[in-house]
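Please read it with the structure open.

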Amino acid sequence: METQPNNPLHGIKLEQIINDLVAHYGWEYMGYTIKIKCFTDNPSVKSSLKFLRRTPWARTKVETMYLKM
């Protein structure tokens with residue numbers, strides 16, 4: 001496995017990112033900050049993973065939020 005010294009998210013799975021953000025901020029704040037339906041209407045980790053894996057712009061926003069946390 002290659003090392004990625006300039007990638008702070010290397011080795012962190014998307015599911016872990018979502019779980020950490022929910023534990024720190026909660027779904028309500030995440031939905032307010034990043035306006036996506038999977039955070040505001042009946043939020044779940046499963047629906048968020050499905051959406052974020054298919055939507056690069058939303059995943060980038062979530063990863064940025066995680067790095068700022």
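This is a predicted model: local features need pLDDT of at least 70, side-chain atom pairs count only at pLDDT 80 or more; totals for chains, interfaces and linings use all residues.

1. The protein chain holds five helices and zero strands. Along the sequence the pattern reads α-α-α-α-α. The radius of gyration is 12 Å, close to the 11 Å that the globule rule gives for 69 residues, so the protein chain is as compact as a globular protein of that length.

2. Dimensions and burial. Taken along the principal axes, the C-alpha atoms fill a box of roughly 40 × 25 × 15 Å. Of the 69 residues in the protein chain, 30% are buried. Sequence separation of the contacts is worth a look too. Take the contacts between residues at least 6 apart in sequence: 52% of them join residues at least 24 apart.

3. H1 against H5. How do these two helices pack? Helix H1 covers residues 14-24 and helix H5 covers residues 56-68. The angle between them is about 55 degrees, and their axes lie 10 Å apart. H1 and H5 are therefore oblique to each other. H1 passes H5 in a left-handed crossing. On the H1 side the contact uses Leu14, Ile17, Asp20 and Leu21. These meet Arg59, Val62, Glu63, Met65 and Tyr66 of H5. The contact residues divide into six nonpolar, no polar and three charged.

4. H1 against H4. At what angle do H1 and H4 pack? The angle is about 125 degrees, with the axes 10 Å apart. That makes H1 oblique to H4. The crossing of H1 and H4 is right-handed. From H1 come Leu14, Glu15, Ile18 and Asn19. From H4 come Val45, Ser48, Leu49, Leu52 and Arg53. By class, the residues of this contact are five nonpolar, two polar and two charged. Note Leu14: this residue is listed in the contact of H1 with H5 and in the contact of H1 with H4.

5. H4 against H5. Helix H4 spans residues 45-54. H4 and H5 pack at an angle of about 115 degrees, and their axes are 5 Å apart. Phe51, Leu52, Arg53 and Arg54 are the H4 residues in this contact. Their partners in H5 are Pro56, Trp57, Ala58, Arg59 and Val62.

6. Cys38. Is Cys38 buried or exposed? Cys38 has a relative accessible area of 10%, so it counts as buried; the cut-off is under 20%. Cys38 sits in helix H3, residues 37-40. Leaving out residues up to four places away in sequence, Cys38 touches Trp27, Pro43, Ser44, Ser47, Ser48 and Phe51. Cys38 and Lys50 are twelve residues apart in sequence, and their C-alpha atoms are 9.3 Å apart in space.

7. Asn42. Please check the backbone here. Most residues other than glycine have a negative phi. Asn42 is not a glycine, yet its phi is positive, at about 50 degrees. Where is Asn42 found? Asn42 lies in the loop between H3 and H4. With 70% relative accessibility, Asn42 counts as exposed.

8. Thr33. Thr33 is placed in helix H2, residues 27-33. Its relative accessible area is 40%, so Thr33 is partly exposed. Thr33 and Leu14 are 19 residues apart along the chain, and 18 Å separates their C-alpha atoms.

9. Gly11. Gly11 belongs to the segment before H1. Its relative accessible area is 66%, so Gly11 is exposed. From Gly11 to Lys35 there are 24 residues in sequence and 27 Å in space, C-alpha to C-alpha.

Note on methods:
Residues are numbered from 1 along each chain as its sequence is written. Side-chain values use heavy atoms; hydrogens and water are left out. Axes are lines fitted to C-alpha atoms, for helices over the stretch in contact, and angles run from 0 to 180 degrees between N-to-C directions. Helices (H or I, at least four residues) and strands (E, at least two) are DSSP runs, numbered from the N terminus. Angles under 35 degrees count as roughly parallel, over 145 as roughly antiparallel, 65 to 115 as roughly perpendicular and the rest as oblique. A crossing is left-handed if the near helix is turned anticlockwise from the far one by less than a right angle, and right-handed if clockwise. Contact means heavy atoms within 4.5 Å. Ala, Val, Leu, Ile, Met, Phe, Trp, Tyr, Cys and Pro count as nonpolar, Asp, Glu, Lys and Arg as charged, and the others, Gly among them, as polar. The radius of gyration is taken over C-alpha atoms; the globule rule is 2.2 Å times the number of residues to the power 0.38. Buried means under 20% relative accessible area, exposed over 50%, partly exposed in between (1.4 Å probe, protein chains only).
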